[in-house]
Amino acid sequence: LSLFLAAVTLVYTLVIFDGLHKLFRDSDAGWHIRTGERILASGELPRTDPYSFTRAGEPWIDWEWAADVAAGAAHRAWGLRGVALLFAVAIALSTWLWVRLTWAAGGDFLLASVLAAPMLSTANLHWLARPHVFGWALLVGWMWMLERGSLGSFSRFHAVAAAVFGCVWANVHASFFLGMLTGLLYAAGSWVGGTVWEGQVKSLKRTQGCLLAALFFSLGSLLNPYGLALHRH
């Protein structure tokens with residue numbers, strides 16, 4: 001079902017939704033593409049504002065530089081069609097991860113099938129060729145990792161995976177703080193749920209695993225060109 005719904009989402013985005021046009025109905029898509037092309041051409045991140053006439057030359061943090069580079073590279077290679085395909089694939093990936101998250105949370109097959117349609121028809125309001133779409137996939141993927149239940153035996157693999165999530169997300173979109181927040185929320189939920197319904201030992205291990213995931217995610221998020229300045233910004 002997950003692959004089927006992802007394929008349906010991709011076709012829906014490009015054909016029925018007319019993604020080749022509607023994904024660009026927000027003008028911000030233009031400067032994200034152009035910024036990515038600037039970075040690719042110069043090999044450097046912009047440190048000052050290259051666009052605003054009121055703040056020209058003022059310090060500027062491009063906290064979505066990796067997403068900009070991806071959009072710029074797609075535009076260089078295949079034009080706006082390539083950019084549309086890039087973001088359509090990211091939207092389809094979000095659907096695939098949404099289904100995986102549903103299964104990990106003990107969701108029902110029939111219910112997931114029924115809810116897929118309203119999920120797509122409401123989310124398409126924000127289907128745009130902008131970095132937040134990558135943030136969706138990262139958020140759902142991160143929640144899938146937290147939900148799968150294996151954090152009760154937190155390992156080196158989990159530590160590396162959490163750090164990679166934090167690093168990638170912090171360089172793609174400013175919503176990376178949601179990764180830290182959801183890690184803490186899962187820890188709190190595991191502790192409360194374990195206290196009420198499960199054994200204390202299992203609850204404590206799960207809670208510790210979620211807290212460690214949030215910690216390593218936070219450490220990974222520091223691996224960005226701006227360091228802690230990104231978080232302050």
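Start by selecting Ser 221, which has its place in helix α9. This is a predicted model, so keep that in mind at each stop.

**Stop 1: Ser 221**

Is Ser 221 buried or exposed? Ser 221 is buried, with a relative accessible area of 0%. Now show its side chain. The side chain reaches the backbone oxygen of Ser 218 at 2.6 Å. Next, look for partners beyond the neighbours within four places in sequence. Ser 221 is in contact with Gly 166, Cys 167, Ala 170, Phe 176, Met 180 and His 231.

**Stop 2: Val 168 and Gly 220**

Select Val 168, in helix α7. Val 168 has 38% relative accessibility, so it counts as partly exposed. Along the chain, Val 168 and Gly 220 are 52 residues apart.

**Stop 3: the aromatic pairs**

Show the aromatic side chains. How many aromatic pairs does the structure hold? There are 12 aromatic pairs. Begin with Trp 103 and Phe 109. Their ring centres are 6.3 Å apart and their planes stand at 20°, so this pair is stacked. Trp 103 is partly exposed, at 28% relative accessibility. Phe 109 is exposed, with a relative accessible area of 52%.

Move on to Trp 169 and Phe 217. Here the ring centres are 5.7 Å apart and the planes are at 85°, so the pair is edge-to-face. Trp 169 belongs to helix α7 (residues 156-172) and Phe 217 to helix α9 (residues 200-221), so the pair ties together parts that are 48 residues apart in sequence. Trp 169 is buried, at a relative accessible area of 0%. Phe 217 is also buried, with a relative accessible area of 0%.

Together, Trp 142, Phe 165, Trp 169 and Phe 217 form one aromatic cluster.

**Stop 4: helix α4**

Select residues 65-104, which make up helix α4. A straight helix of 40 residues would span 58 Å at 1.5 Å a residue. Between its end C-alpha atoms, α4 spans only 32 Å. Where does α4 bend? Go to Trp 78: α4 bends there by about 135°. Then step past the end of the helix. Just after α4, Gly 106 takes a positive phi of about 80°.

**Stop 5: helix α5**

Select Asp 108. Asp 108 caps the N-terminal end of α5. One of its side-chain oxygens lies 3.0 Å from the backbone nitrogen of Leu 110. Now take the whole of α5, residues 109-123. The helix has 15 residues and reaches 21 Å from its first C-alpha to its last, close to the 21 Å expected at 1.5 Å a residue. Zoom in on Leu 115. At Leu 115, α5 bends by about 30°, and a proline, Pro 118, follows within four residues.

Which residues of α5 are buried? Select Ala 112, Ala 116, Met 119 and Leu 120: these are the buried residues of α5. They pack against α1 and α4.

**Stop 6: helix α3**

Select residues 28-42 for helix α3. This helix has 15 residues and reaches 21 Å from its first C-alpha to its last, close to the 21 Å expected at 1.5 Å a residue. Colour its buried residues: Ala 29, His 32, Ile 33, Thr 35, Gly 36, Glu 37 and Ile 39. What covers them includes α4. Just after α3, select Gly 43, which takes a positive phi of about 75°.

**Stop 7: Asp 18 and the loop around it**

Where is Asp 18 found? Look in the loop between α1 (2-16) and α2 (19-22). Most residues other than glycine have a negative phi. The phi of Asp 18 is near 60°, a positive value in a residue other than glycine. Asp 18 counts as partly exposed, at 29% relative accessibility.

Finish with Phe 17 and Lys 22. The charged end of Lys 22 sits over the ring of Phe 17, 5.5 Å from the ring's centre.

Terms used. Residues are numbered from 1 along each chain as its sequence is written. This is a predicted model: local features need pLDDT of at least 70, side-chain atom pairs count only at pLDDT 80 or more; totals for chains, interfaces and linings use all residues. Side-chain values use heavy atoms; hydrogens and water are left out. Rings of Phe, Tyr and Trp (its six-membered ring) pair if their centres lie within 6.5 Å; planes under 30 degrees apart count as stacked, over 60 as edge-to-face and the rest as tilted. Buried means under 20% relative accessible area, exposed over 50%, partly exposed in between (1.4 Å probe, protein chains only). Helices (H or I, at least four residues) and strands (E, at least two) are DSSP runs, numbered from the N terminus. A charge sits over a ring if NZ of Lys or CZ of Arg is within 6 Å of the ring centre and within 35 degrees of the ring normal. The expected span of a helix is 1.5 Å times one less than its number of residues. The bend at a residue is the angle between axes fitted to the seven residues ending there and the seven starting there. A polar contact is a pair of N or O atoms within 3.5 Å; within protein, one must be able to donate a hydrogen and the other to accept it, and residues adjacent in sequence count only if both atoms are side-chain atoms. Contact means heavy atoms within 4.5 Å.
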